[in-house]
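Me: I am new to this structure. Please walk me through some of the labels used for it, and say what stands behind each one.

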Amino acid sequence: MGQVFSNKGDYFDRNKSYAFHILRVQPNSPAKQAGLQPYFDFILAINGQHVTPERQLHSLLRPTAQALSSVDLTVYSSKQRTVRQVHVDLASGSEPGSGQGLLGVSVRLCCSAGQPALAWRVLDVAPGSPASVAGLRPDSDFIVGGAVVVDCDAADCRTGSAPLHTHEDLFELIESHAAAQSALQLHVYCSSTEQFRLLTVRPDPNWGGDGALGCGLGYGYLHQIPDGGAASECS
């Protein structure tokens with residue numbers, strides 16, 4: 001199950017390979033133009049060099065940065081269970097020096113790219129609930145990540161990362177924000193539109209119904225994200 005061949009015939013054991021898990025793709029970035037997908041995509045190699053704990057993203061890109069041309073990535077998709085080669089034109093998308101980095105991605109190092117995309121399916125949404133107010137949609141919405149809102153006084157909320165690694169992480173995150181009466185941002189994938197969006201929700205156990213969100217959540221084999229085409233981000 002862990003053995004994967006790319007379309008170039010390269011061998012990878014995705015259960016033993018280190019990878020950069022893509023958490024966010026900046027709009028109008030080289031990564032966006034190349035079709036890299038947040039949450040589903042894992043970078044296994046850069047210009048033929050496999051990812052290791054000793055090789056940070058910036059160090060693997062440094063030779064390319066001097067040339068400012070392009071980079072070839074070996075990418076595993078946890079959604080489609082395939083490995084593909086992605087050519088990224090670093091001159092496309094954002095201008096150099098825009099602050100988004102060479103690729104325009106946020107990543108974290110992980111020791112395995114072998115797990116399906118971690119997701120919680122929204123099963124039902126009660127009218128008037130925090131989930132309903134936030135805009136969660138039953139059946140087609142999947143919660144794939146969280147971000148802690150640390151400042152909403154300004155026009156744009158600042159957020160901090162809240163990675164979700166296990167089944168219980170999402171529920172613990174919801175409970176902690178309900179107790180603190182603070183806002184929580186959720187990264188949501190919609191299977192019907194194949195798009196991502198970021199929703200702000202305020203968990204409230206006293207909203208008048210069941211739970212702090214007021215929606216049912218499914219997790220596990222029966223609630224996996226269905227296979228589909230390339231996903232994009234939307235507001």
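Me: Where is Tyr39 placed?
Reply: Tyr39 sits in the loop between helix 1 (30-34) and strand 4 (41-46). Helices (H or I, at least four residues) and strands (E, at least two) are DSSP runs, numbered from the N terminus. The model is predicted: local features need pLDDT of at least 70, side-chain atom pairs count only at pLDDT 80 or more, and totals for chains, interfaces and linings use all residues. Residues are numbered from 1 along each chain as its sequence is written, and side-chain values use heavy atoms, leaving out hydrogens and water.

Me: Why is Tyr39 called buried?
Reply: Its relative accessible area is 13%. Buried means under 20%, exposed over 50%, partly exposed in between (1.4 Å probe, protein chains only). Therefore Tyr39 counts as buried.

Me: Why is Glu194 called partly exposed?
Reply: Glu194 has 22% relative accessibility, so it falls in the in-between class. Glu194 lies in the loop between strand 12 (184-190) and strand 13 (195-201). Its phi is positive too, about 55°.

Me: Why is strand 4 called largely enclosed by the rest of the structure?
Reply: Because six of its six residues are buried.

Me: How do you know that strand 4 and strand 6 pair?
Reply: Two strands pair if DSSP finds at least two bridges between them. Strand 4 and strand 6 (residues 70-77) have five, in the antiparallel sense. Phe42 stands opposite Tyr76 there.
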